[in-house]
Amino acid sequence: MDAVEIRNVTKTFGETTAVDDLTLSVPEGAVYGFIGPNGSGKTTTMRMIVNIFYPDRGTIRVFDQQLQGTRSEQIGYLPEERGLYRKMEVRSLLEFYGELRGGRSVNGEVDGWLKKFDLLHCADRKLETLSKGMSQKVQFIAAVVPAPKLLILDEPFSGLDPVSADVLRDSILELRRHGATVILSTHDMHVAENMCDRIFMIFRGKKVLDGTLESIQNQYGNDTIRVSANGDAAALDGLPGVEKVRDLGQVQELRMSNGCDPQQVLRALVTRTRVTSFSVTRPSLHDIFVRIAGPAAEEVAVA
Amino acid sequence: MRRILRIARRDYLAVVRTKAFIIGLVLFPLLFGGGGIASSFLLRGKAENTDRRIAVLDHTGAAGPAVVAALRQRNHDESTGKNAGLQVTPQYEFDTVPADGAHPEQQRLELSDQVRRGSLHAFIEIPAEALHPHSSPPPSVGYYTANGADQALRWVAEGVNTGLRRAGLAELGIPEDRARDIAGTAPVENMALIVRDPQTGAVTQPRKRSPVEIVVPIVMVVLLFMIVMISVAPVLSAVADDKQQRVFEMLLGTATPVDLMGGKVLAAVGVSLTSSVFYIIGGLLALEAMAAFGLAPLNLIPWFFVYLVAEVTMLCAMGTAIGATCGSPQDAQHLAMPLLLPVVIPMFLFGPIVQQPNGPMATAVSLFPLFTPLTMMLRQSLPGGVPAWQPWAGLAGVLIVTPLLTWAAARIFRIAILFQGQRPNAAELVRWAVRG
């Protein structure tokens, strides 16, 4: 059964179409990555799944149920815009959110999560006294207590240090191992590549990618060369059959034009510089993202 | 409903557990009513009671001594009579000044200078025609003072006129003791209407109204006004603050906008009931301590709570909707006054309603649902009350309008809560309320 089934959904705000005739199925137990430039419709789609926004057209079913003006106890939601009651103590706040969603006492679970995130010592402190990173962890706990069947996370890793991000990632994957379906949006393509079973990209309200990483990459074929060579990237300018060079510092990524022979590129390269590594590969998700979103997304993608 | 109650519990405890609420609960009535009592107590027998001199400039040549005698008596009654011989207002000395018929302007200027220098508090000028007024209206007596709000003005007129009447009677040769009878004034008491006991058939005895009997119901109206104000105004800024802090989207993941708004309104009703119970029990205990428990308007207390719940529900629902349209608590503060107009306007109409509690204006205003709680409460609390059907008719209007307003407010709230950017105008709010 699909955890989420979106059928021909359109949502407009005044003259702007935020989501345009979207159809998407999120299988139960999957980690589904939502990617796309800012303002492309990711958050609107998530808000419609949670039922904060209602679609203008189309239907959304969660665990085969259509939510009409109600909230499902099975959905945990972490919005991109972080905000909690600053004057409340951490434990009271988490119990409040847990009871609000689950309708039962969640004291034991709250303590378990606080321990996991090394926040037990802050349990009686007010939110306003915590650092930004600690507040984000508290907000994540608020979204997952009691354990939801569907977890929707909008930019869960933004602003977290690597250690906290690791703890968060482990927790998400652990929830998945216990049967939860996870939808997460991210601007970090490595997160999408490494964590997600399936990836969905939305651009200007329309679905432009949907599938496993492999199936998405297969659409583009082996059109990318990864090269390490002496000297700077200027040595790669004007290579025959190369459409674009992306300088990653120690490595350069070359995109070949249709019909280009990699051997021909290699021959041209060795005449210019000393090549230390050369591999023909499929494009990275980052590259695919940039190819689709173009200049509008460059800023986000590079960041 | 479970979520509404859980949100209400959080919001209610977030308010009543604060020191500000507890201190405000005690301080608010002190600031409203206790301030006056405290200042009278503090000023008792102090600076205000220093003796003052008033000159009586008599152009009649005959009335001066009688006027001065009457003024002294009146001042004595005023300053001590109501307080068992204890002086609570200034003691005035009166001196007759013979009129300078040749230079009246110069004489007025000299007396005015004395007032300015402080050697005189004021002077009273009695015109020559005052004893035998042939014009209509009669010539007026002048009271010259530096302070336009001089408290002595309240009783000087009665003293002067008593003196003039006695001087006139003396001219007619009427003996002084008879003149006192004729020129004296009898106090008029505020009496309750006579009623027949429906069970025994006995007719009640004439009964003087106690000032407490009038004050206590009016205190209930002021209490209703005060509690609505302190319950509703914070909701507006609290909602705007929650929106600014981005609290709502997280909550909207688990509760609907109607749950959120319902919880907030219910919490505000709970806060208002807590304050009311505190004040009403306190008031009843105070009356009991004063051995005046019988004056407590017990029949009005249920109406008080009904009106309170209706008013707080209506205004808080609108307050949450309006607060959700604001980008910050500062924005919300600008909208507090328009939101509170349904309780502020009735307070402006307080005077006319008290004068004619069953007049057409008072009746119409009290049947307008937004104004019903305060105006009907006021009319019901006044002696004589209102026709029995009117509170029920008013309540029916309130019960129709409150759910409608709450429904419209919920529709606005649902859209406004995640709305960012420029604040919507009134037309947009109406469109959101109608179309959702």
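Trainee: What does the domain assignment of chain A give?
Mentor: The assignment divides chain A into domain 1, residues 2–217, and domain 2, residues 222–281. Please keep in mind that this is a predicted model.

Trainee: And how many Å separate the centres of those two domains of chain A?
Mentor: Taken over C-alpha atoms, the centres of domain 1 and domain 2 of chain A are 40 Å apart.

Trainee: Let's turn to the two chains together. How many residues of chain A are in contact with chain B?
Mentor: On the side of chain A there are 22 residues, and they are in contact with 14 residues of chain B.

Trainee: Which elements of chain A give two or more residues to that side?
Mentor: They are strand E6 (75–78), helix H2 (90–102) and helix H4 (132–144) of chain A. The largest share, 5 residues, comes from H2(A).

Trainee: How do the residues on that side of chain A divide by class?
Mentor: The side of chain A that touches chain B has 11 nonpolar, 5 polar and 6 charged residues.

Trainee: New topic: chain B. At roughly what angle do H10(B) and H12(B) cross?
Mentor: Helix H10 (residues 301–325) and helix H12 (residues 336–348) of chain B cross at roughly 165 degrees, and their axes come within 10 Å. Angles over 145 degrees count as roughly antiparallel, and H10(B) and H12(B) are therefore roughly antiparallel to each other.

Trainee: Is that crossing left-handed or right-handed, and which residues meet?
Mentor: The crossing of H10(B) with H12(B) is right-handed. From H10(B), Glu311(B), Leu315(B), Met318(B), Gly319(B) and Ile322(B) meet Leu339(B), Pro342(B) and Val343(B) of H12(B). This contact of H10(B) with H12(B) comprises 6 nonpolar residues, 1 polar and 1 charged.

Trainee: How does H10(B) pack with H15(B)?
Mentor: The angle is about 165 degrees, and the axes of H10(B) and H15(B) are 9 Å apart. H10(B) and H15(B) are therefore roughly antiparallel, and H10(B) passes H15(B) in a left-handed crossing.

Trainee: Which residues make that contact?
Mentor: H10(B) contributes Trp303(B), Phe304(B), Tyr307(B), Ala310(B) and Glu311(B), while H15(B) contributes Pro373(B), Met377(B) and Gln380(B).

Trainee: Last one: at roughly what angle do H15(B) and H16(B) cross?
Mentor: Helix H15 (residues 372–381) and helix H16 (residues 389–416) of chain B cross at roughly 170 degrees, with axes that come within 10 Å. That makes H15(B) roughly antiparallel to H16(B). Among the residues of this contact are Thr372(B) and Met376(B) of H15(B) and Gly394(B) and Val398(B) of H16(B). By class, the contact of H15(B) with H16(B) has 4 nonpolar, 5 polar and no charged residues.

Methods: Residues numbered from 1 in each chain as written. Chains lettered and ligands numbered in written order. Predicted model: local features only at pLDDT ≥ 70, side-chain atom pairs only at ≥ 80, totals over all residues. Axes fitted to C-alpha atoms, helices over the stretch in contact; angles between N-to-C directions. Helix = DSSP H or I, 4+ residues; strand = E, 2+ residues; numbered from the N terminus. Parallel < 35°, antiparallel > 145°, perpendicular 65-115°, else oblique. Left-handed = near helix turned anticlockwise from the far one by under 90°. Contact = placed C-beta atoms within 7 Å. Nonpolar A, V, L, I, M, F, W, Y, C, P; charged D, E, K, R; others polar. Domains from an automatic or database assignment.
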